[in-house]
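Trainee: I've got a model open and I'd like to talk through how one part of it packs. Can we go through it together?

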Amino acid sequence: MSSRMYLLLREVGRIVWVLPAVELSRRSLSLHHTVGRVRNWGFSAALRSEEERALLRRTIAAVDAWMPGGANCVRRSLLEMRLDAGAAQERLFAGFRAGGLPKSGHAWLESHRSQETFDAVISI
C-alpha cells in the first residue's frame, strides 16, 4: 500500500472514530457549547502541517458528503476543530442571510476565508 493511501485511510479512520461524539454534540447542544466542547477535545489533537491539514479537510468533505441528510458545513468545521489542534484555536464563523430559507447560512473556520456575503455573521 502506498504511503498516500495509508495516510488517507488513517484520516478516514480518525474521522469515523470521532464523528459520533461530534454529531451528537452538534445535534443536542447549542452551537456555542458544541464549539467549546469540540475545541477542548481538539486541543489534544496533533498540530498538522498545512499539507496535512489540507488532506484532512478534503477527507472530512468526502466523509461528510455521505452522511444522512447530506453534507453540512457546521459538521465539517467541527470535525476539523476536533482533529487538528491548529483548527481548535481558530474562530468559527456562521453567516446568515435574511429570510432563513434552507441553505441560507454557512459556517467556516477563520483560516478558510469565505467569499460569500451574509446579512449577519457571528464568531465563536
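Trainee: Leaving out residues up to four places away in sequence, which residues does E80 touch?

Mentor: Keep in mind that this is a predicted model. E80 is found in helix α4. Not counting residues up to four places away in sequence, E80 touches R53, L56, R57, I60, A87, L109 and H112.

Trainee: Is E80 buried or exposed?

Mentor: The cut-off for buried is under 20% relative accessible area. E80 has a relative accessible area of 2%, so E80 counts as buried.

Trainee: Which side chain makes a polar contact with the side chain of E80?

Mentor: H112 is already among the residues that E80 touches. For a polar contact, the N or O atoms have to be within 3.5 Å. The pair here sits at 3.2 Å, and the partner of the E80 side chain is the side chain of H112.

Trainee: How many of the 11 residues of α4 are buried?

Mentor: The buried ones include C73, V74, R75 and S77, along with E80 itself. They pack against α1, α2, α3, α5, β1 and β2. α4 is mostly covered, and its buried count is nine.

Trainee: Which element gives the largest share of the largest nonpolar core?

Mentor: That core has 20 residues, and I15, L78, L79 and M81 touch the most other members. Elements giving two or more residues to this core are α1, α2, α3, α4 and β2. The largest share is six residues, and it comes from α4.

Trainee: And leaving aside neighbours within four places in sequence, which residues is L79 in contact with?

Mentor: L79 is one of the buried residues of α4. Apart from those sequence neighbours, its contacts are I15, V18, L19, V22 and I60.

Note on methods. Residues are numbered from 1 along each chain as its sequence is written. This is a predicted model: local features need pLDDT of at least 70, side-chain atom pairs count only at pLDDT 80 or more; totals for chains, interfaces and linings use all residues. Side-chain values use heavy atoms; hydrogens and water are left out. A nonpolar core is a set of buried Ala, Val, Leu, Ile, Met, Phe, Trp, Tyr and Cys residues joined through side-chain atoms within 4.5 Å. Buried means under 20% relative accessible area, exposed over 50%, partly exposed in between (1.4 Å probe, protein chains only). Helices (H or I, at least four residues) and strands (E, at least two) are DSSP runs, numbered from the N terminus. Contact means heavy atoms within 4.5 Å. A polar contact is a pair of N or O atoms within 3.5 Å; within protein, one must be able to donate a hydrogen and the other to accept it, and residues adjacent in sequence count only if both atoms are side-chain atoms.
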